[in-house]
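I'd like to walk you through one structure, a few residues at a time. Let me put it up on the screen.

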Amino acid sequence: MRVAIIGAGPAGLAAARQVSTFGFELDVFELKPELGGTWVYTDEVGTDRYGYPVYSAMYKGLRTNLPKEIMGYPDFPIAEEKKSYLSQTEVLDFIKLYAEKFHLKEYIKFNTMMMDIRPADTKWKLTYEDKPTGKSFTKYYDSVMICNGHYNDPLMPTLLGQEKFTGVIDHSRNYRDPEKFRGQRVLIVGAGSSGLDLTLHIANTAEHVVLSHRKSELNIKFPSNVELRPNVQRIVNFNMVEFVDGSCCCFDAIIFCTGYKYSFPFLHESCGITIDDNYVQPLYKHMIHIEKPTMCIIGIPYDVCRFQLYDLQARYYCKYLEGSMSLPTAEEMRLDTQQDFENRKAKGYTNPQMHMMGPYQESYYNGLAQEADTASIPPVLIKIRDISVQRRINDLMNFREDQYRILDENNFVVSN
(Lines give C-alpha, C1' and ligand atoms only; values in the text may rest on other atoms or scores of the structure.)
Protein backbone atom coordinates (compact mmCIF):
# COMPACT_ATOMS: atom_id res chain seq x y z
CA MET A 1 0.00 0.00 0.00
CA ARG A 2 1.45 3.34 -1.10
CA VAL A 3 -0.27 6.41 0.37
CA ALA A 4 0.09 10.04 -0.73
CA ILE A 5 -0.66 12.77 1.81
CA ILE A 6 -1.27 16.31 0.58
CA GLY A 7 -0.06 18.87 3.12
CA ALA A 8 2.36 18.81 6.07
CA GLY A 9 0.32 20.89 8.49
CA PRO A 10 -1.26 19.50 11.68
CA ALA A 11 -3.71 17.33 9.68
CA GLY A 12 -1.12 15.98 7.24
CA LEU A 13 1.29 15.17 10.03
CA ALA A 14 -1.42 13.33 11.99
CA ALA A 15 -2.15 11.35 8.83
CA ALA A 16 1.56 10.61 8.30
CA ARG A 17 1.89 9.50 11.92
CA GLN A 18 -0.91 6.96 11.56
CA VAL A 19 -0.02 5.79 8.05
CA SER A 20 3.58 5.14 9.12
CA THR A 21 2.38 3.35 12.27
CA PHE A 22 0.26 1.02 10.16
CA GLY A 23 3.34 0.22 8.07
CA PHE A 24 2.27 1.68 4.72
CA GLU A 25 4.65 3.42 2.35
CA LEU A 26 3.99 7.15 2.18
CA ASP A 27 4.98 10.49 0.72
CA VAL A 28 3.85 13.83 2.09
CA PHE A 29 3.67 16.72 -0.39
CA GLU A 30 4.12 20.16 1.13
CA LEU A 31 3.88 23.49 -0.69
CA LYS A 32 6.01 25.43 1.80
CA PRO A 33 9.73 25.02 2.55
CA GLU A 34 8.90 23.87 6.09
CA LEU A 35 6.24 21.89 7.91
CA GLY A 36 3.46 23.41 10.01
CA GLY A 37 0.83 24.42 7.47
CA THR A 38 -1.20 27.46 8.48
CA TRP A 39 0.97 27.94 11.59
CA VAL A 40 3.97 28.99 9.47
CA TYR A 41 4.30 32.77 9.23
CA THR A 42 5.48 34.43 6.02
CA ASP A 43 5.65 38.06 4.92
CA GLU A 44 4.76 36.92 1.41
CA VAL A 45 1.25 37.41 0.05
CA GLY A 46 -0.16 36.57 -3.37
CA THR A 47 2.76 34.62 -4.82
CA ASP A 48 6.08 33.43 -3.41
CA ARG A 49 9.58 33.98 -4.78
CA TYR A 50 9.09 31.11 -7.23
CA GLY A 51 5.83 32.56 -8.57
CA TYR A 52 3.57 29.98 -6.90
CA PRO A 53 0.48 30.87 -4.80
CA VAL A 54 0.94 31.70 -1.12
CA TYR A 55 -1.62 29.99 1.10
CA SER A 56 -1.18 31.54 4.52
CA ALA A 57 -3.53 33.35 6.89
CA MET A 58 -0.99 33.78 9.69
CA TYR A 59 -0.21 37.25 11.03
CA LYS A 60 2.34 38.71 13.44
CA GLY A 61 1.39 38.50 17.09
CA LEU A 62 -1.33 35.87 16.72
CA ARG A 63 -2.29 33.97 19.86
CA THR A 64 -4.53 30.94 19.84
CA ASN A 65 -8.23 31.44 20.51
CA LEU A 66 -8.49 27.94 22.00
CA PRO A 67 -6.51 26.70 25.02
CA LYS A 68 -3.51 24.45 24.51
CA GLU A 69 -5.16 21.74 26.62
CA ILE A 70 -7.34 20.78 23.64
CA MET A 71 -4.76 21.46 20.91
CA GLY A 72 -2.43 18.52 21.43
CA TYR A 73 -2.60 15.05 19.89
CA PRO A 74 -3.87 12.05 21.91
CA ASP A 75 -0.41 10.50 22.12
CA PHE A 76 1.50 13.80 22.22
CA PRO A 77 -0.12 16.56 24.32
CA ILE A 78 1.32 20.05 24.59
CA ALA A 79 3.63 20.28 27.61
CA GLU A 80 2.20 21.70 30.82
CA GLU A 81 2.97 25.34 31.56
CA LYS A 82 1.30 28.23 33.36
CA LYS A 83 -0.55 29.69 30.38
CA SER A 84 -3.23 28.07 28.24
CA TYR A 85 -3.19 30.37 25.21
CA LEU A 86 -0.05 30.11 23.10
CA SER A 87 1.58 32.25 20.45
CA GLN A 88 1.91 31.19 16.82
CA THR A 89 5.60 30.38 17.29
CA GLU A 90 4.88 28.22 20.34
CA VAL A 91 2.29 26.19 18.45
CA LEU A 92 4.65 25.81 15.49
CA ASP A 93 7.42 24.65 17.83
CA PHE A 94 5.03 22.03 19.24
CA ILE A 95 4.12 20.80 15.74
CA LYS A 96 7.82 20.46 14.92
CA LEU A 97 8.37 18.48 18.13
CA TYR A 98 5.53 16.16 17.13
CA ALA A 99 7.10 15.59 13.71
CA GLU A 100 10.48 14.96 15.32
CA LYS A 101 9.08 12.56 17.92
CA PHE A 102 7.51 10.32 15.27
CA HIS A 103 10.22 10.80 12.59
CA LEU A 104 7.78 12.32 10.08
CA LYS A 105 10.07 14.81 8.34
CA GLU A 106 11.75 12.03 6.36
CA TYR A 107 8.51 11.47 4.42
CA ILE A 108 7.97 15.11 3.37
CA LYS A 109 8.71 16.52 -0.07
CA PHE A 110 9.03 20.27 0.64
CA ASN A 111 8.56 23.12 -1.88
CA THR A 112 6.28 20.87 -3.90
CA MET A 113 3.21 22.17 -5.75
CA MET A 114 0.57 19.52 -6.34
CA MET A 115 -0.77 20.19 -9.84
CA ASP A 116 -3.14 17.34 -10.66
CA ILE A 117 -4.68 14.29 -9.00
CA ARG A 118 -6.87 11.91 -10.97
CA PRO A 119 -7.95 8.26 -10.87
CA ALA A 120 -5.94 5.82 -12.99
CA ASP A 121 -7.61 2.38 -12.99
CA THR A 122 -7.28 1.18 -9.38
CA LYS A 123 -4.65 3.77 -8.47
CA TRP A 124 -4.27 7.55 -8.28
CA LYS A 125 -2.05 9.48 -10.65
CA LEU A 126 -0.37 12.49 -9.04
CA THR A 127 1.44 15.20 -10.99
CA TYR A 128 3.46 17.74 -9.04
CA GLU A 129 6.15 20.34 -9.57
CA ASP A 130 9.35 21.03 -7.67
CA LYS A 131 9.01 24.78 -7.05
CA PRO A 132 12.70 25.81 -7.13
CA THR A 133 13.35 24.07 -10.47
CA GLY A 134 9.87 24.04 -12.01
CA LYS A 135 10.36 20.40 -12.99
CA SER A 136 7.26 18.22 -13.21
CA PHE A 137 6.96 14.67 -11.87
CA THR A 138 4.31 11.95 -11.93
CA LYS A 139 3.76 9.19 -9.38
CA TYR A 140 1.08 6.57 -8.73
CA TYR A 141 -0.41 5.73 -5.35
CA ASP A 142 -2.95 3.26 -3.97
CA SER A 143 -4.56 5.85 -1.71
CA VAL A 144 -4.65 9.65 -1.31
CA MET A 145 -5.28 11.55 1.92
CA ILE A 146 -5.99 15.23 1.29
CA CYS A 147 -4.93 17.45 4.21
CA ASN A 148 -4.51 20.88 2.61
CA GLY A 149 -6.40 22.89 5.22
CA HIS A 150 -9.20 25.47 5.19
CA TYR A 151 -7.37 28.71 4.50
CA ASN A 152 -6.67 28.62 0.79
CA ASP A 153 -9.56 30.26 -1.07
CA PRO A 154 -11.00 33.34 0.67
CA LEU A 155 -14.68 34.23 0.47
CA MET A 156 -14.66 37.78 -0.92
CA PRO A 157 -18.09 39.42 -1.17
CA THR A 158 -18.62 42.40 -3.44
CA LEU A 159 -20.27 45.42 -1.85
CA LEU A 160 -22.68 47.61 -3.79
CA GLY A 161 -20.64 50.51 -5.17
CA GLN A 162 -17.35 48.91 -4.21
CA GLU A 163 -15.67 50.21 -7.37
CA LYS A 164 -15.99 53.77 -5.97
CA PHE A 165 -13.85 53.08 -2.91
CA THR A 166 -10.28 54.38 -3.29
CA GLY A 167 -8.81 52.95 -0.09
CA VAL A 168 -7.48 49.46 0.62
CA ILE A 169 -9.89 46.53 0.22
CA ASP A 170 -8.50 43.15 1.26
CA HIS A 171 -9.26 39.83 2.95
CA SER A 172 -7.98 38.73 6.35
CA ARG A 173 -5.90 36.04 4.61
CA ASN A 174 -3.49 38.76 3.47
CA TYR A 175 -3.31 40.55 6.83
CA ARG A 176 0.13 40.43 8.41
CA ASP A 177 0.78 43.46 10.64
CA PRO A 178 -1.34 46.23 12.27
CA GLU A 179 1.34 48.86 11.57
CA LYS A 180 -0.04 49.18 8.05
CA PHE A 181 -3.18 50.71 9.55
CA ARG A 182 -1.63 53.08 12.09
CA GLY A 183 -3.76 56.20 12.48
CA GLN A 184 -6.32 54.97 9.93
CA ARG A 185 -10.06 54.36 9.99
CA VAL A 186 -10.66 50.66 9.32
CA LEU A 187 -13.85 48.73 8.58
CA ILE A 188 -13.85 45.03 9.52
CA VAL A 189 -16.60 43.02 7.81
CA GLY A 190 -17.54 39.82 9.65
CA ALA A 191 -17.68 38.95 13.35
CA GLY A 192 -16.41 35.38 13.31
CA SER A 193 -13.17 34.36 15.01
CA SER A 194 -10.91 36.19 12.56
CA GLY A 195 -13.10 39.30 12.61
CA LEU A 196 -12.98 39.53 16.40
CA ASP A 197 -9.24 38.86 16.51
CA LEU A 198 -8.35 41.38 13.81
CA THR A 199 -10.61 44.02 15.38
CA LEU A 200 -8.62 43.77 18.62
CA HIS A 201 -5.30 43.58 16.81
CA ILE A 202 -5.85 46.55 14.51
CA ALA A 203 -7.40 48.64 17.29
CA ASN A 204 -3.92 48.82 18.82
CA THR A 205 -2.70 51.06 15.98
CA ALA A 206 -5.76 52.38 14.12
CA GLU A 207 -7.50 55.63 14.96
CA HIS A 208 -10.96 54.09 14.68
CA VAL A 209 -12.23 50.57 13.92
CA VAL A 210 -15.78 49.64 12.96
CA LEU A 211 -16.86 45.99 13.14
CA SER A 212 -19.75 45.34 10.77
CA HIS A 213 -21.76 42.21 11.60
CA ARG A 214 -25.09 40.57 10.82
CA LYS A 215 -25.80 39.14 14.27
CA SER A 216 -28.91 40.36 16.02
CA GLU A 217 -26.89 40.91 19.20
CA LEU A 218 -23.17 41.09 19.79
CA ASN A 219 -22.68 41.89 23.46
CA ILE A 220 -18.90 41.97 23.46
CA LYS A 221 -16.78 44.60 25.16
CA PHE A 222 -14.18 46.17 22.85
CA PRO A 223 -11.52 48.87 23.25
CA SER A 224 -12.81 52.46 23.27
CA ASN A 225 -11.82 53.11 19.64
CA VAL A 226 -13.97 50.21 18.35
CA GLU A 227 -17.56 50.66 17.25
CA LEU A 228 -20.17 48.10 16.18
CA ARG A 229 -22.33 48.62 13.11
CA PRO A 230 -24.78 46.36 11.22
CA ASN A 231 -24.29 45.02 7.68
CA VAL A 232 -22.98 47.26 4.94
CA GLN A 233 -25.65 48.64 2.61
CA ARG A 234 -23.36 50.23 -0.01
CA ILE A 235 -20.25 52.24 -0.73
CA VAL A 236 -21.39 55.84 -1.20
CA ASN A 237 -18.20 57.40 -2.60
CA PHE A 238 -14.41 57.18 -2.47
CA ASN A 239 -14.32 56.70 1.32
CA MET A 240 -17.87 56.71 2.71
CA VAL A 241 -19.77 53.53 3.64
CA GLU A 242 -23.50 53.36 4.37
CA PHE A 243 -24.88 50.67 6.68
CA VAL A 244 -28.32 49.05 6.59
CA ASP A 245 -29.52 51.22 9.48
CA GLY A 246 -28.88 54.33 7.35
CA SER A 247 -25.79 55.45 9.27
CA CYS A 248 -22.60 56.38 7.40
CA CYS A 249 -18.89 56.44 8.20
CA CYS A 250 -15.67 57.18 6.32
CA PHE A 251 -12.81 54.68 6.06
CA ASP A 252 -9.28 54.33 4.75
CA ALA A 253 -9.41 50.52 4.55
CA ILE A 254 -11.92 47.67 4.42
CA ILE A 255 -10.94 44.15 5.53
CA PHE A 256 -13.23 41.21 4.83
CA CYS A 257 -13.16 38.59 7.61
CA THR A 258 -15.69 36.50 5.75
CA GLY A 259 -14.11 33.09 5.89
CA TYR A 260 -12.94 30.64 3.25
CA LYS A 261 -14.24 28.23 0.67
CA TYR A 262 -13.18 24.60 0.71
CA SER A 263 -10.78 24.37 -2.19
CA PHE A 264 -8.94 21.49 -3.84
CA PRO A 265 -7.55 23.05 -7.05
CA PHE A 266 -5.36 20.01 -7.76
CA LEU A 267 -8.30 17.58 -8.01
CA HIS A 268 -9.19 16.77 -11.61
CA GLU A 269 -12.93 16.70 -12.35
CA SER A 270 -12.68 12.93 -12.88
CA CYS A 271 -12.14 12.62 -9.10
CA GLY A 272 -15.83 13.41 -8.72
CA ILE A 273 -15.49 15.78 -5.72
CA THR A 274 -18.04 18.61 -5.87
CA ILE A 275 -18.54 21.69 -3.67
CA ASP A 276 -22.07 23.10 -3.51
CA ASP A 277 -22.22 26.30 -1.48
CA ASN A 278 -19.27 25.07 0.62
CA TYR A 279 -20.76 21.60 1.12
CA VAL A 280 -18.20 19.01 -0.04
CA GLN A 281 -19.52 15.77 -1.50
CA PRO A 282 -19.72 12.79 -1.89
CA LEU A 283 -18.15 12.18 1.53
CA TYR A 284 -19.04 9.49 4.05
CA LYS A 285 -18.59 10.69 7.64
CA HIS A 286 -17.44 14.06 6.22
CA MET A 287 -14.20 12.45 5.05
CA ILE A 288 -14.25 9.32 2.82
CA HIS A 289 -15.02 9.53 -0.91
CA ILE A 290 -18.13 7.37 -1.26
CA GLU A 291 -17.53 6.36 -4.87
CA LYS A 292 -13.74 6.12 -4.60
CA PRO A 293 -12.97 5.24 -0.96
CA THR A 294 -9.22 5.06 -1.51
CA MET A 295 -9.42 8.88 -1.29
CA CYS A 296 -10.27 10.76 1.87
CA ILE A 297 -10.17 14.38 3.03
CA ILE A 298 -8.94 14.92 6.58
CA GLY A 299 -10.09 17.97 8.54
CA ILE A 300 -13.27 19.09 6.75
CA PRO A 301 -15.43 19.38 9.92
CA TYR A 302 -15.17 22.60 11.92
CA ASP A 303 -16.18 23.74 15.41
CA VAL A 304 -14.15 20.79 16.67
CA CYS A 305 -11.05 19.91 18.71
CA ARG A 306 -8.92 20.10 15.59
CA PHE A 307 -5.68 18.25 16.28
CA GLN A 308 -7.59 15.53 18.10
CA LEU A 309 -10.03 15.25 15.20
CA TYR A 310 -7.23 14.91 12.64
CA ASP A 311 -5.72 12.05 14.59
CA LEU A 312 -9.07 10.26 15.05
CA GLN A 313 -10.01 10.57 11.38
CA ALA A 314 -6.57 9.29 10.34
CA ARG A 315 -6.83 6.31 12.68
CA TYR A 316 -10.29 5.53 11.35
CA TYR A 317 -9.17 5.69 7.74
CA CYS A 318 -6.05 3.60 8.30
CA LYS A 319 -8.19 0.88 9.88
CA TYR A 320 -10.09 0.77 6.59
CA LEU A 321 -6.91 0.74 4.47
CA GLU A 322 -5.45 -2.01 6.62
CA GLY A 323 -8.58 -4.13 6.19
CA SER A 324 -9.42 -4.47 9.88
CA MET A 325 -12.52 -2.32 9.36
CA SER A 326 -14.98 -2.56 6.49
CA LEU A 327 -17.01 0.33 5.12
CA PRO A 328 -20.72 0.04 4.36
CA THR A 329 -21.76 -0.34 0.72
CA ALA A 330 -21.71 2.78 -1.44
CA GLU A 331 -25.51 2.91 -1.32
CA GLU A 332 -25.52 2.64 2.48
CA MET A 333 -22.91 5.40 2.74
CA ARG A 334 -24.99 7.64 0.46
CA LEU A 335 -28.10 7.04 2.59
CA ASP A 336 -26.20 7.77 5.81
CA THR A 337 -24.83 11.01 4.35
CA GLN A 338 -28.25 12.06 3.06
CA GLN A 339 -29.83 11.41 6.45
CA ASP A 340 -27.18 13.56 8.14
CA PHE A 341 -27.88 16.32 5.60
CA GLU A 342 -31.65 16.16 6.15
CA ASN A 343 -31.29 16.14 9.95
CA ARG A 344 -29.20 19.29 9.78
CA LYS A 345 -31.59 20.97 7.35
CA ALA A 346 -34.47 20.23 9.71
CA LYS A 347 -32.59 22.06 12.46
CA GLY A 348 -32.12 25.13 10.26
CA TYR A 349 -28.56 24.52 9.09
CA THR A 350 -27.58 25.93 5.68
CA ASN A 351 -25.29 24.25 3.15
CA PRO A 352 -22.17 26.05 4.45
CA GLN A 353 -22.98 24.69 7.93
CA MET A 354 -23.24 21.04 6.88
CA HIS A 355 -19.69 20.29 8.07
CA MET A 356 -20.10 22.20 11.34
CA MET A 357 -19.95 19.87 14.33
CA GLY A 358 -20.48 21.98 17.47
CA PRO A 359 -23.29 20.12 19.29
CA TYR A 360 -22.70 17.08 17.02
CA GLN A 361 -19.08 16.75 18.16
CA GLU A 362 -19.34 14.01 20.71
CA SER A 363 -21.63 11.76 18.67
CA TYR A 364 -19.40 12.24 15.61
CA TYR A 365 -16.21 11.38 17.49
CA ASN A 366 -17.78 8.41 19.25
CA GLY A 367 -19.30 7.10 16.02
CA LEU A 368 -15.91 7.04 14.29
CA ALA A 369 -14.23 5.47 17.31
CA GLN A 370 -16.86 2.76 17.69
CA GLU A 371 -16.77 1.76 14.02
CA ALA A 372 -12.97 1.61 14.02
CA ASP A 373 -12.69 0.01 17.47
CA THR A 374 -10.35 2.78 18.60
CA ALA A 375 -10.24 5.41 21.33
CA SER A 376 -12.54 8.41 21.06
CA ILE A 377 -11.85 12.00 22.11
CA PRO A 378 -12.26 12.43 25.90
CA PRO A 379 -15.40 14.36 26.94
CA VAL A 380 -13.31 16.79 29.01
CA LEU A 381 -11.75 18.22 25.85
CA ILE A 382 -15.17 18.91 24.35
CA LYS A 383 -16.24 20.60 27.59
CA ILE A 384 -13.13 22.81 27.63
CA ARG A 385 -13.63 23.74 24.00
CA ASP A 386 -17.26 24.72 24.53
CA ILE A 387 -16.63 26.80 27.64
CA SER A 388 -13.59 28.53 26.13
CA VAL A 389 -15.62 29.55 23.08
CA GLN A 390 -18.28 31.04 25.37
CA ARG A 391 -15.60 32.80 27.42
CA ARG A 392 -14.27 34.41 24.24
CA ILE A 393 -17.73 35.84 23.57
CA ASN A 394 -18.27 36.96 27.16
CA ASP A 395 -14.86 38.54 27.72
CA LEU A 396 -13.05 39.00 24.43
CA MET A 397 -10.38 41.29 25.85
CA ASN A 398 -9.36 39.02 28.74
CA PHE A 399 -10.31 35.40 27.95
CA ARG A 400 -6.73 34.50 27.01
CA GLU A 401 -5.72 35.00 30.65
CA ASP A 402 -7.76 31.91 31.62
CA GLN A 403 -5.74 28.86 32.67
CA TYR A 404 -7.19 25.39 32.28
CA ARG A 405 -6.11 22.21 34.01
CA ILE A 406 -7.44 18.77 33.14
CA LEU A 407 -8.25 16.58 36.14
CA ASP A 408 -9.45 13.44 34.36
CA GLU A 409 -11.35 12.37 31.22
CA ASN A 410 -14.48 14.23 32.35
CA ASN A 411 -13.37 17.07 34.59
CA PHE A 412 -11.22 20.21 34.55
CA VAL A 413 -10.68 23.41 36.49
CA VAL A 414 -10.15 26.93 35.17
CA SER A 415 -8.60 29.95 36.83
CA ASN A 416 -7.36 33.40 35.79
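Let's begin with K285, which counts as buried because its relative accessibility is 18%, and the cut-off for buried is under 20%. K285 sits in the loop between strand 20 and strand 21 (288–289). Its phi is near 55°, a positive value in a residue other than glycine. Before I go further, please keep in mind that this is a predicted model.

Q281 and P282 are joined by a cis peptide bond, with omega at about 0°. P282 belongs to the loop between strand 19 (279–281) and strand 20 (283–284).

D303 is another residue for those of you who like backbone torsions. Its phi is also positive, near 55°, and D303 is not a glycine. You'll find D303 in the loop between strand 22 (295–297) and helix 4. Is D303 buried or partly exposed? With a relative accessible area of 30%, D303 is partly exposed.

How many of the 17 residues are buried? The count is 15, so helix 4 is mostly covered, buried being under 20% relative accessible area. Just after helix 4 comes G323, with a positive phi of about 100°.

Now for the packing. The largest nonpolar core has 98 residues, and the members that touch the most others are I5, W39, M145, I202, Y316 and Y365. Which element gives this core its largest share? That is helix 4, with ten residues. There is also a second, separate core of 22 residues, and A4, M114, Y128 and V280 are among them.

Let me stay with Y316 for a moment. Leaving out residues up to four places away in sequence, Y316 touches Y284, K285, M287, I288, M325, L327, L368, E371 and A372. So our opening residue, K285, comes back here as one of the contacts of Y316.

D303 comes back too, this time through Q361. Q361 is in helix 6 (residues 361–372). Its relative accessible area is 0%, so Q361 is buried. Setting aside residues up to four places away in sequence, Q361 touches D303, V304, C305, I382, R385 and D386.

A8 lies between strand 1 (2–6) and helix 1 (10–21), and it counts as buried at 0% relative accessibility. Its contacts, again without residues up to four places away, are L13, V28, F29, E30, L35, G36, G37 and I108. For a sense of distance, A8 and T133 are 125 residues apart in sequence, and their C-alpha atoms are 21 Å apart in space.

The other one is T64, in the loop between strand 2 (25–29) and helix 2 (88–101). T64 is buried, with a relative accessible area of 2%. Apart from neighbours within four places in sequence, T64 is in contact with W39, M71, Y85, L86, V91 and R400.

For contrast, let's turn to K164. K164 is partly exposed, with a relative accessible area of 39%, and is found in the loop between strand 8 (153–154) and strand 9 (168–171). Beyond residues up to four places away, it touches I235, V236, N237 and F238.

Last stop: empty space. Rolling a probe the size of a water molecule over the atoms shows where empty space is left. How many cavities of 30 Å³ or more does a search of the whole structure find? One. About 40 Å³ of space lies in the largest cavity. Its lining is made up of I146, C147, N148, G149, H150, Y262, F264, I297, I298, G299 and I300. Sorted by type, the lining residues are seven nonpolar, four polar and no charged.

That's my tour, and I'm happy to go back to any residue you'd like to see again.

Technical notes. Residues numbered from 1 in each chain as written. Predicted model: local features only at pLDDT ≥ 70, side-chain atom pairs only at ≥ 80, totals over all residues. Heavy atoms only, no water. Buried < 20%, exposed > 50% of the residue type's maximum accessible area, 1.4 Å probe, protein only. Helix = DSSP H or I, 4+ residues; strand = E, 2+ residues; numbered from the N terminus. 1 Å grid on protein atoms, 1.4 Å probe; cavity = no way out; pocket = protein on both sides within 12 Å on 5 of 7 lines; lining within 4 Å. Points joined across faces, edges and corners; volume = space filled by probe spheres on them. Nonpolar A, V, L, I, M, F, W, Y, C, P; charged D, E, K, R; others polar. Core = buried A, V, L, I, M, F, W, Y, C linked by side-chain atoms within 4.5 Å. Contact = heavy atoms within 4.5 Å.
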